[in-house]
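Please keep the sequence and the structure in view while reading.

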Amino acid sequence: MTFPRILFLFIFIFLILVFPINSLACLSITDDLNTPNPIINASFSFQPDINPFTDCWSGAMRIRSDKNGWRLVATRVGPSSSNAEGNSQDNVMANDITLNISVQAFGQADSNGAILVSPFSSQTELSSIQSGTFIISGVKKSSNSCSSFNPSYYKVTKKLCLFRDFIFNPGAYNGQVSYILINP
Amino acid sequence: MTTQKNTTSFFLVLIVSCCVFFISGDLTASSNQATVPINITVAGKLIITDAENDNNSSANPTLNVNLKLVPDLSNSTVSGSSSVRIRTNLNSWKLTAQRSNLADPLVNIDPRDIALNFTTQAGSKANPNAGKLLSPFNKAADLSYISTNSPTDVLIGVSKTSLDKDPENRNNWFQLTSNYSVSPDFFYEIGEWNTTVSYSLVSP
């Protein structure tokens, strides 16, 4: 009886060692509250005004990977409006919204482990994100664990800004950006 | 019998191990996405500023026009003006005016004696046709055309004032200049006569 149990235990340990739990893809995105697969709402509500000139929003997500190679890609839809009044050329469009992405390493994560890919390495527009657009090249793991509570992670901060220009048609505009963490 | 039991147990442990392994892997792999819904609400805005000090601090300005006249043989009129700048992203708007008569009855100036001439102009990134002067203000008029009883329509706005993007709001203004003039007639009594014209930008 004892021998098979020891055998099973060895088999189990062998499985864990050869195929660690996260071997499929230890990739994780959370928000700052460590919620997996977060939905981070970016909301702007503004009236055009003479000054200040811009309205900005910023949000952050945390990336964890136990692999040295990973990628962050993004896909955008909109923004578009169904009720904006006026010439559609004066609707708020993706190229009206500036986008600044920054990356910081926390814990054991290597400060050079996540590299922003051009044009996201400097200020750009939201329109730079299209379908499956390559945003970050991850060259180093954050640590050996993707647990949501692991203090080692790459923090990606996104800042969107919109000028309070009088050209924009009044109305409600909706869009969405989906960020996906993948193995190359 | 014992061997069969052990084999069954072995496969059970193997299946459970595989399940733990795959479920854990799937759970980790499934947390690889973040969604950022973007919601933008742009509200309508109507703003009037002082053309001489065109910024937020001069919104809803009070502009004084002083006409000081000394009767004289020459017939040159005394005039003064004020200019306001209008900005709006609404495609339908109007500017109304109402006058409160503070006239000193001892000075026999009549509102009809004060000529009123409106002109409009637009900044380089504004639409010069965004607003149209309404009759009778589209030609020489006088102050009596601005009622003391109710708002009088002066300008009708047919489009937003911006023609192009101007993030710093420097050249996207539509300007209304009001010119008031009076002749230095010996008919008028000595004294001071005042009136206030209030302009309001409204969305019909």
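In which strand is the place of Thr88(B)? In this predicted model, Thr88(B) belongs to strand E3 of chain B, which covers residues 78-88. Thr88(B) counts as buried because its relative accessibility is 0%, the cut-off for that class being under 20%. A polar atom of the Thr88(B) side chain lies 3.0 Å from the backbone nitrogen of Leu90(B). When residues up to four places away in sequence are not counted, Thr88(B) touches Lys45(B), Leu46(B), Trp93(B), Lys160(B), Thr161(B) and Ser162(B), and also Phe166(A) from chain A.

Strand E3 of chain B is part of an open sheet of five strands, arranged in the order E2-E3-E9-E5-E7 with antiparallel pairing. The edges of this sheet are formed by strand E2 (46-50) and strand E7 (141-142) of chain B, each of which pairs on one side only. Within the sheet, strand E5 (residues 115-122) and strand E9 (residues 174-182) of chain B are joined in the antiparallel sense over eight bridges, and Phe118(B) has Ser178(B) in E9(B) as its bridge partner.

Strands from the two chains also pair with each other. Strands of a sheet pair through backbone hydrogen bonds, in either the parallel or the antiparallel sense. Strand E1 (33-42) of chain B takes part in the two pairings with chain A set out here.

| Strand of chain A | Partner | Sense | Bridges | A bridge pair |
|---|---|---|---|---|
| E2 (residues 42-46) | E1(B) | parallel | five bridges | Ala42(A) and Ile38(B) |
| E10(A) | E1(B) | antiparallel | 10 bridges | Ile180(A) and Gln33(B) |

E1(B) is itself mostly covered, with seven of its 10 residues buried.

The structure holds one cavity of 30 Å³ or more, and the volume of the largest cavity is about 40 Å³. Its lining draws on both chains: Trp57(A), Leu99(A), Leu126(A), Lys158(A), Leu160(A), Val177(A) and Tyr179(A) are joined there by Val36(B) and Ile38(B). At least two residues of this lining come from each of strand E9 (153-163) of chain A, strand E10 (171-182) of chain A and strand E1 (33-42) of chain B.

Terms used:
Residues are numbered from 1 along each chain as its sequence is written. Chains are lettered from A and ligands numbered from 1 in the order in which they are written. This is a predicted model: local features need pLDDT of at least 70, side-chain atom pairs count only at pLDDT 80 or more; totals for chains, interfaces and linings use all residues. Side-chain values use heavy atoms; hydrogens and water are left out. On a 1 Å grid over the protein atoms alone, a cavity is a set of points where a 1.4 Å probe fits but cannot get out, and a pocket is an open set with protein on both sides within 12 Å along at least five of seven lines; lining residues have an atom within 4 Å of a point. Grid points are joined across faces, edges and corners, and a volume is the space filled by probe spheres set on the points. Helices (H or I, at least four residues) and strands (E, at least two) are DSSP runs, numbered from the N terminus. Two strands pair if DSSP finds at least two bridges between them. Buried means under 20% relative accessible area, exposed over 50%, partly exposed in between (1.4 Å probe, protein chains only). A polar contact is a pair of N or O atoms within 3.5 Å; within protein, one must be able to donate a hydrogen and the other to accept it, and residues adjacent in sequence count only if both atoms are side-chain atoms. Contact means heavy atoms within 4.5 Å.
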